[in-house]
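Let's take a walk through this structure together, one piece at a time. Keep the picture open as you read.

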Amino acid sequence: MRAVSRPVASVIVTTYNQPRWLQRCLWGFACQDRHDFELVVADDGSGPETRVLVEAMQSQAPFELRHVWQPDEGFQKCRILNKAIVQARADYLVFTDGDCVPRADFLSQHLCLREPGRFLSGGYCKLPMQVSERIDREAIASGRFANLQWLSAQGLARGQRSSKLWPLHPWQARLMNAITPVKPRWHGHNASAWAADVRRVNGFDERMQYGGEDLEFGERLENAGVRGRQARHSAIVVHLDHGRGYVDPAMRERNEAIRHATRSQRRTRTEHGIAKPAA
C-alpha cells in the first residue's frame with residue numbers, strides 16, 4: 001500500500017458481495033493518470049472473499065487502500081457510506097460503486113472541475129452482462145473497456161452505446177456538459193463534493209435503503225446552497241451488470257416519503273446521518 005501524507009481526494013467505493021466486479025473497479029483506479037489519492041472500500045456486509053481481495057490488493061495498489069466493513073443487516077448503503085466518510089482524510093470526496101470501472105482520467109476530471117459551493121454529477125455507460133464479462137485486466141490497462149469501437153466489437157448493441165464515451169477534447173466535453181438537458185443530480189455511482197459540505201448536511205440518511213437514497217442526499221446539498229455541476233461527459237465510469245435481489249417496492253415507498261419531506265420542507269440536514277442526536 002502506498003501511504004499519502006495528505007491525499008488530494010478520498011475515493012469512496014461501495015460494495016456488497018461482488019468481489020469479481022470490485023477487483024475490476026480497483027484495477028481501474030490503479031490505472032488512473034494520478035495516484036495521490038486514498039481509496040476507502042465501503043463494504044455493506046460482504047463475506048470474507050471481499051476482505052481477502054482487498055488485503056491482497058493493498059500490497060499492489062499505487063494508492064492507499066482501506067477497507068471499512070459492517071455486518072450484513074440488509075441493504076444499509078447509507079450507513080456504511082457514513083462510516084467511510086468519517087474515515088476519509090481528504091478535503092474532497094469522490095463517490096462511486098464497486099461495479100463501476102473508472103476511465104483513466106476519472107479522478108483528474110473530478111479534481112479539475114471541482115469548485116467551491118458545488119458538487120459534481122459524473123456520467124456512466126451501462127453494459128449488459130455479456131459485455132461486462134469481457135472486461136478483464138488487460139482491457140482496463142489498455143483503456144479499451146471505455147472505447148465504443150471495442151465495446152461494439154464485444155457485442156454492445158447500437159441502442160446501448162453511450163455518447164459519453166465519444167472521444168472528445170476537454171473543451172468539447174465541457175460544451176456537452178453545458179448543453180445537456182439533463183439536470184445534474186447526485187448519483188452514487190459517480191459524484192463528488194467537498195468533505196465540509198458532505199458533513200454540513202450530516203451525510204446520508206440512514207433510514208433510507210434502496211431507491212432514491214442518493215438523490216435525497218443531493219437534494220439536501222441543493223437545499224443547503226451546494227449546487228450541482230454537470231460532468232457527465234468528462235468524468236466517466238463503465239457500469240458492469242449484476243442482479244438486484246434487494247429491490248423492494250415497500251422500501252422505495254418509504255424512501256420516497258423521506259424525499260418528499262426533504263423537498264417540501266427544504267431540509268438541509270438529517271438527524272439520521274453521521275452525527276446522531278443524544279439519547
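**Starting at the sheet**

Strand β5 (residues 100-102) pairs with β8 in the antiparallel sense, over 3 bridges. To find one of the spots where this happens, look for P102, whose bridge partner in β8 is V237. Before going further, keep in mind that what you're looking at is a predicted model.

Now follow β8 to another of its partners. Strand β6 (residues 118-126) runs parallel to strand β8 (residues 227-239), and 9 bridges join the two. Pick out F119 and you'll find its bridge partner in β8, G228. Go on to K126, and the partner in β8 is H239. Is β8 mostly covered or mostly open? It's mostly covered, with 11 of its 13 residues buried.

S121 has A191 as its bridge partner in β7.

Time to zoom out. These strands belong to an open sheet of 8 strands with mixed pairing, and the order is β3-β2-β1-β4-β7-β6-β8-β5. β3 (64-69) and β5 stand at the edges with a single partner strand each, so each has one side left without a neighbour in the sheet. From one strand to the next, the twist averages 30 degrees. If you're wondering what holds such strands together in general, strands of a sheet pair through backbone hydrogen bonds, either parallel or antiparallel.

Another helix to look for is α4 (residues 106-113), which lies across β1, β4, β5, β6, β7 and β8 and runs at about 175 degrees to β8.

Next, have a look inside. In soluble globular proteins, nonpolar side chains tend to be buried together. Here the largest nonpolar core has 46 residues, and F29, L39 and L127 are the ones that touch the most other members. Helix α1 (residues 19-30) gives the most to this core, with 6 residues. Which residues does L39 touch? Leaving out residues up to four places away in sequence, L39 touches V11, V13, L26, F29, F63, E64, L65 and R66. There's also a second, separate core of 25 residues, which includes L81, L93, A195 and M208.

**A helix that's well wrapped**

Now turn to α10. Why call it largely enclosed by the rest of the structure? Because 11 of the 11 residues of α10 are buried. Among those buried residues are D214, F217, G218 and L221. The parts that cover the buried residues of α10 include α3 (77-87), β6, α9 (195-200), β8 and α11.

Two packed helices are described by the angle between their axes and the distance between the axes. For helix α10 (residues 213-223) and helix α11 (residues 249-264), the axes come within 10 Å and cross at roughly 10 degrees. With that angle, α10 is roughly parallel to α11. On the α10 side, the contact is made by E213, L215, E216, E219, R220 and N223, while α11 brings in N255, I258, R259, T262 and R263. Sorted by class, this contact has 2 nonpolar, 3 polar and 6 charged residues. After α10 comes G225, with a positive phi near 90 degrees.

**Two serines to compare**

Let's finish with a pair of serines. S162 lies in the loop between α7 (148-153) and α8 (170-179). With a relative accessible area of 11%, S162 is buried. Setting aside neighbours within four places in sequence, S162 is in contact with Y124, C125 and L148.

S5 sits in the segment before β1. Is S5 buried or exposed? At 74% relative accessibility, S5 counts as exposed. S5 and R89 are 84 residues apart in sequence, and their C-alpha atoms are 9.5 Å apart in space.

Terms used:
Residues are numbered from 1 along each chain as its sequence is written. This is a predicted model: local features need pLDDT of at least 70, side-chain atom pairs count only at pLDDT 80 or more; totals for chains, interfaces and linings use all residues. Side-chain values use heavy atoms; hydrogens and water are left out. Axes are lines fitted to C-alpha atoms, for helices over the stretch in contact, and angles run from 0 to 180 degrees between N-to-C directions. Helices (H or I, at least four residues) and strands (E, at least two) are DSSP runs, numbered from the N terminus. Angles under 35 degrees count as roughly parallel, over 145 as roughly antiparallel, 65 to 115 as roughly perpendicular and the rest as oblique. Contact means heavy atoms within 4.5 Å. Ala, Val, Leu, Ile, Met, Phe, Trp, Tyr, Cys and Pro count as nonpolar, Asp, Glu, Lys and Arg as charged, and the others, Gly among them, as polar. Two strands pair if DSSP finds at least two bridges between them. Buried means under 20% relative accessible area, exposed over 50%, partly exposed in between (1.4 Å probe, protein chains only). A nonpolar core is a set of buried Ala, Val, Leu, Ile, Met, Phe, Trp, Tyr and Cys residues joined through side-chain atoms within 4.5 Å.
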